[in-house]
Amino acid sequence: MNPLISSLHPDFLNRMKELLPDEYDSFIESYDAPRTYGLRVNTSKISCEDFEKLVPFDVQKIPWIKNGYFYSEDTRPSHCPLYQAGLYYLQDPSAMTPASRIPIEPGEYVLDLCAAPGGKATAAGACLQGDGLLVANDISSSRAKALLRNLELFGISNVFLANEVPAKLAKGCQGLFHKIILDAPCSGEGMFRKEDALARDWTPNKSEELSKIQQELILLAADMLRPGGMLMYSTCTFSPAEDEKTISAFLEARPDFSLIDMEGYEGFTPGNPSLGNGNPDLTKCVRIFPHKMQGEGHFLALLKKEGEAVTYTASPKCKLDKDSQKWIRAFFEEIGFHSLGGHPFDWNRVEVRKDKVYYLPKADTSCFRGITFLRNGLYLGDLKKNRFEPSQPFALALHKGDIDAVISLDVNDERLTRYLKGETLLIQEEEASHAKGWHVLCINGYPLGFGKLVNGTLKNKYPAGWRIMG
């Protein structure tokens, strides 16, 4: 017997027998099946078609995720320069599903309430295409820092990254968001095959304790959603107390919300009304079981708030002193800067704080006063004596065609790995757009990081904290 199965709590196994009376044996057998590995393409930077042409290892489409791909266990996609360029995110195929089933449009205000490590937040940010506002929040400061790195890697410029308790965030954000994702803290039963420590730590009363927290969080999220908005609630557990019962209690407390259908897939299992309060609409929820799909366990419920959708647009008006603007403009001219992520650059959104330069979202973030945050907008770089030095997040926010000064190497060029280790590179004259000065090193045109070209040598400006080892 699989040692993981023998370590599963008898109460958990008995509940799964009740939940899956005709499928229990198949469910147990899934623990012996190999894990599946997935990545999600960053379609704000590259199309799936171009990614398939460029990726140097074997991938297969995930049939229910439009921009998702399986890769084999022996592949190391995090070692590929395409990953360091933010062209894809590594994520379990089932965990990709919630963000893929909430229709996010450019220009909207979107909240990921429990966002670390960033799988759903990066997916939402890619859908926004640099327009609107993404608020990504996590209560843990250490997880929020990891979340920031993933958002920067994905090149998401229109982000407000909060490190706050949800109740405090909700006070200032009543009715603010068009779409909210709540991937709630849960008992993690759907991840036992992936993380056996979760199985060892499981207790019979854990679900009931977590259900209370989930019900508090979903009510806070409901208050932050504007009329006509949508809320995606998800967990990675099989527990009815955390799934159908939590949704049942929420709908009883908030009759202004209703469950709505999601795009289906043959492997999805409908929610079970008998596991909640009997509401027949619970069949609009989705359960994902590992014996029916290539992924781990998940639960999804898409809810809509009554009322007409409200539009809201605002933009900051920052005051930038002439000297600061002078040095930033000089750098932009040197690299032939045209746009940021395909959008015209708006000088009214540039803010300098302690010589650090930020590009704020095209949104009114005044409601976040008093909120603990790690980032508001895109960190462009630093003002030093008579010059501007760009940041790594700025490089990753650039899209193919945004600037002229590029050095583009093929994805299989060994110099890319050397660059990511912090080494200087020899560049042939025909490989560089300009004879000298600042350039962005690219992978087949997709920005990776900055360097400074001097006499055919690219001085490496890839930050030490971003470098790969080995």
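Helices (H or I, at least four residues) and strands (E, at least two) are DSSP runs, numbered from the N terminus. The model is predicted: local features need pLDDT of at least 70, side-chain atom pairs count only at pLDDT 80 or more, and totals for chains, interfaces and linings use all residues. Residues are numbered from 1 along each chain as its sequence is written, and side-chain values use heavy atoms, with hydrogens and water left out.

**View 1. Lining of the largest pocket.** A pocket is an open set of points on a 1 Å grid over the protein atoms alone, where a 1.4 Å probe fits, with protein on both sides within 12 Å along at least five of seven lines; lining residues have an atom within 4 Å of a point. The largest pocket holds about 880 Å³, a volume being the space filled by probe spheres set on the points, which are joined across faces, edges and corners. Its lining has 36 residues; Cys 114, Ala 116, Pro 117, Asp 183 and Cys 236 lie nearest the centre. Strand E4 (88-90), helix H7 (119-128) and helix H8 (141-153) each supply at least two lining residues. By class, 18 are nonpolar, nine polar and nine charged (nonpolar: Ala, Val, Leu, Ile, Met, Phe, Trp, Tyr, Cys and Pro; charged: Asp, Glu, Lys and Arg; polar: the others, Gly among them).

**View 2. Lining of the second largest pocket.** The volume here is about 430 Å³. Of 21 lining residues, Lys 66, Asn 67, Ala 99, Ser 100 and Cys 127 lie nearest the centre. Helix H6 (97-100) and H7 each give at least two. H7 has the largest share, three residues. The lining divides into 13 nonpolar, four polar and four charged residues.

**View 3. Asp 196 and Arg 200 in helix H10.** The two form a salt bridge, with the closest N and O atoms 3.4 Å apart (a side-chain nitrogen of Lys or Arg within 4 Å of a carboxyl oxygen of Asp or Glu). They sit four residues apart in H10 (residues 196-201), so about one helical turn separates them. Asp 196 is partly exposed at 40% relative accessibility; Arg 200 is exposed at 54% (buried: under 20% relative accessible area; exposed: over 50%; partly exposed: in between; 1.4 Å probe, protein chains only).

**View 4. The salt bridge of Asp 223 and Arg 254.** The N to O distance is 2.9 Å. Asp 223 lies in helix H11 (residues 206-224) and Arg 254 in the loop between helix H12 (244-253) and strand E10 (257-259), 31 residues apart. Asp 223 is partly exposed, at 29%, whereas Arg 254 is buried, at 15%. Asp 256 joins both in a network of salt bridges.
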